[in-house]
Amino acid sequence: MKGLAVLAIGAILIWFGLSRHDGGPDSTVHAGDPADGQRTSWKEEDRRADRTVLEPRQDRGGAASRDGANGGSVGAGPTAEELQAQRAAEEHAAAAREMLAPADPLQLGDHDAATYPAEPTIQESPSRPSRPPEINLAGAGGPSPERAANILLEAWIAEDPSDLEVYLTQGEGLDMSDVQRQLVTSFWQAVAGKPDAGRRGLDEIRGAEGITTAQESLLSAALDVPGNRAVPRSASAGRLEPLSYAMRMILLEDEAQHLLRKREYGRSAVSWSDLIQYEIAAPWASHRQALLVWGNELDKAQLNHRFNVNGSWPSIEEKIQPGGSLIRLRKRVLKRRNDLVLCTGLIAQVNGVTGYVQKGQVMRIPTDRVNVIVDLDARILLYRHGDEVVKVWDIGIGKPGHETPLGVYLVGHKIEKPAHTTKGLPYGDPDNPLGSRWMGLRRPGQNRDTSYGIHGTSFPDGVGGAVSQGCVRMRNED
């Protein structure tokens, strides 16, 4: 089992992200990729309580929609089958969150402590959460707080506030209190480049009944200098209601972009990581296209942070010995630190090694334990070091009747150029769907792999869909 500890990715969590509007793991949201550019802003507020005037925003590559591709209306009442599916999804998500983020301090892999006696502890950073907070969906009448949050966040992602304006002036938002409408308007003005208007709004709602401390703090943070905002946590034991949740996500995205432009890659990477993990844990359907776009932005930060020898990430240093190699270095490190999850490819990647290593060459060894989250709702794979997302990959999952099984797994056998033994198809056969690599999935404490794995594919067009017999498909190059 010690050999398995060396080979295993610390924990692979496969979960079905909590989705209150999505029809299930087989629906996909398609949208255009937003490109870089300046955000347009709202016009000066019309002071009448029943009127909000907004400028159309510049289209930077297509508006992303949460609702249109899913089919049906978000406001429609659920059927009995949908309620049953929702309850099942919530139960799965609750169990998955417990496995993903137990009580502080975060114990990654404590489910298999008997297998790995030297299991590491990842302490929660005081500057950011190691997991998204719980969400309080209780509302005091009026429009759905989740719906208001979803509309606000969608407007930000799509870079088009027109639906938000309709919501506030003609739709359910008319039932919001005046101070709640002022909060949403002022927050948008603050993040869209009109801080003076946002500041006047903050003065009007400060201390008003119906405005939470978290909402007031988030609006105040939005008025700070972009790239230098202290995005606050909730004051009540880390709990955020939906509108505060969406406001925090918007600030994280805006901060991540500004920090990336300022070349503060470590802080930018942390903000992208938090944003991505907040989205997959949100009470609304995962915005798959936004997650992939954010993953591309994360790449730019991580190439200069976790995948850069000069990045500010936890590590130990080791020298290459005479006649040494990365293989020998890895074995020497793991002999002393069997809590690490480490391969020679990772050592080479973070140290920028492209050829032979030299005697006396110093290598940085990452000490944050590698782990993976597979989110079936969004159909993405999050590769993490500790609690920080380092890479986001697009995946295919099990088709109806062959759903990918939920749970926590370890990587078992790893095979290059795999044959499909069940179908008797050798590697390279055009009908062999396994692609160029296979990583078997093993239940903690078991001595053999399940029949499921993470593998490449001969049919890359299927990645992003529900297409497999239950395995997790990735593109061969990923």
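Two strands pair if DSSP finds at least two bridges between them.

**Figure 1. Overview of the predicted model of the protein chain.** The chain holds twelve helices and twelve strands. Of its 478 residues, 54% count as buried. Among contacts between residues at least 6 apart in sequence, 67% join residues at least 24 apart.

**Figure 2. Helix H12 (residues 344–351) and its cover.** The buried residues of H12 are Leu 346, Ile 347, Ala 348, Val 350 and Asn 351. An α-helix has 3.6 residues a turn, so residues three or four places apart point the same way. Elements that cover the buried residues of H12 include helix H11 (326–336). Strands S3 (362–366), S4 (370–375) and S5 (380–385) are also among them.

**Figure 3. The residue that follows helix H12.**

**Figure 4. Pairing of strands S5 and S6.** The two strands run in the antiparallel sense and pair over six bridges. Arg 384 stands opposite Val 389 of S6. Strand S6 (residues 388–394) is mostly covered, with six of its seven residues buried. In a regular strand the side chains alternate between the two faces of the sheet.

**Figure 5. The hairpin of S5 and S6.** Two residues lie between the strands of this hairpin. Gly 386 in the hairpin takes a positive phi near 65°.

Technical notes
Residues numbered from 1 in each chain as written. Predicted model: local features only at pLDDT ≥ 70, side-chain atom pairs only at ≥ 80, totals over all residues. Heavy atoms only, no water. Helix = DSSP H or I, 4+ residues; strand = E, 2+ residues; numbered from the N terminus. Buried < 20%, exposed > 50% of the residue type's maximum accessible area, 1.4 Å probe, protein only. Contact = heavy atoms within 4.5 Å.
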